Amino acid sequence: MPQPTGLFDGTLSLLQRTLNLRSAQHQMLSANIANADTPHYRSFEVAVEEELRKLRPEGRRVEMARTQNAHLPVPAAAAADRVTLRPAAVPAFSLRADGNTVDIDRAMGDLAENTLKYKTSAQLLSAKLKSLKNVIQGGR
Amino acid sequence: MDLYDALHTSSTGLAAQRLRMNLISANLANVNTTRTPEGGPYRRKEVVFEARPKAESFRDLLRSRQNRRPADVQAARIIEDQRPPVLKFAPHHPDADETGYVALPHVNVMEEMVNMISATRSYEANIAAVRAAKDMALKALEIGK
């Protein structure tokens, strides 16, 4: 079965992936903020930009068809569900003695940035769907 | 959904900071308390936080073992300050010993105030995270409108 191309491919799936990654990142940042006073807590973050870069198509690709539900997903699709975490940068001159690596100022900045970018992606997705709807209705 | 989990994580953070604030209030309120049910002067209390990984499935458990999973915060235990009480010369105090000294709790008001500011700021940070999660969820609901 040919995959739908053009209309529903590309932008929509990219935006969907962006929203998923941004909400995972938000969860991670919330956990870091909640644990800002927990001894020995190590802060992590989602490498959103790196994950999205992986999704960029490199020329033409051969897709594997799944004719049975039991088939394992093709690598590209499997990679789309995965979220890799990386340790957040440790503040250079930390004076904390409790082994906690949360940089609260950076975490709050990242939180604001992540929220803004999530909302931007949601807005773009909304606009994309609106324009599709417009086309389907013949511009009426 | 990730956003609901994020809300829950932030709410555990709020609860933890509120508990910390309650203990600070108790310490300040009992700054001159010389009698307790356990006997002796009041002992300053402090909470120890620990990260509790979410572990509902095998995958979560595996990731939590690798320390790679967002974690809630919870109060592990409440410890009592083991510093010796402060002795004050007050011979007319009913709890004074035979030399005229009263054992008062080792509560440093300045230390408590600093901890209070720290707890307030952490609470506010969690509130900001909750607000951001709410904004994101509301924006997501607008998709396709």
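Buried area is the accessible area (1.4 Å probe) lost by two parts on being put together, summed over both. In this predicted model, in which local features need pLDDT of at least 70, side-chain atom pairs count only at pLDDT 80 or more, and totals for chains, interfaces and linings use all residues, side-chain values use heavy atoms, with hydrogens and water left out. Residues are numbered from 1 along each chain as its sequence is written, and chains are lettered from A and ligands numbered from 1 in the order in which they are written.

Chain B and chain A bury about 2,800 Å² between them, of which 62% is on carbon and sulfur atoms. The contact (heavy atoms within 4.5 Å) takes 37 residues from chain B and 35 residues from chain A. Two salt bridges, each a side-chain nitrogen of Lys or Arg within 4 Å of a carboxyl oxygen of Asp or Glu, are found across the interface. Asp135(B) and Lys119(A) meet through their side chains in a salt bridge (3.6 Å, N to O). On the side of chain B that touches chain A, helix 1 (2–29), strand 1 (45–53), strand 2 (71–80) and helix 3 (109–141) of chain B each give two or more residues; helices (H or I, at least four residues) and strands (E, at least two) are DSSP runs, numbered from the N terminus. Helix 3 of chain B provides the largest share of that side, 12 residues.
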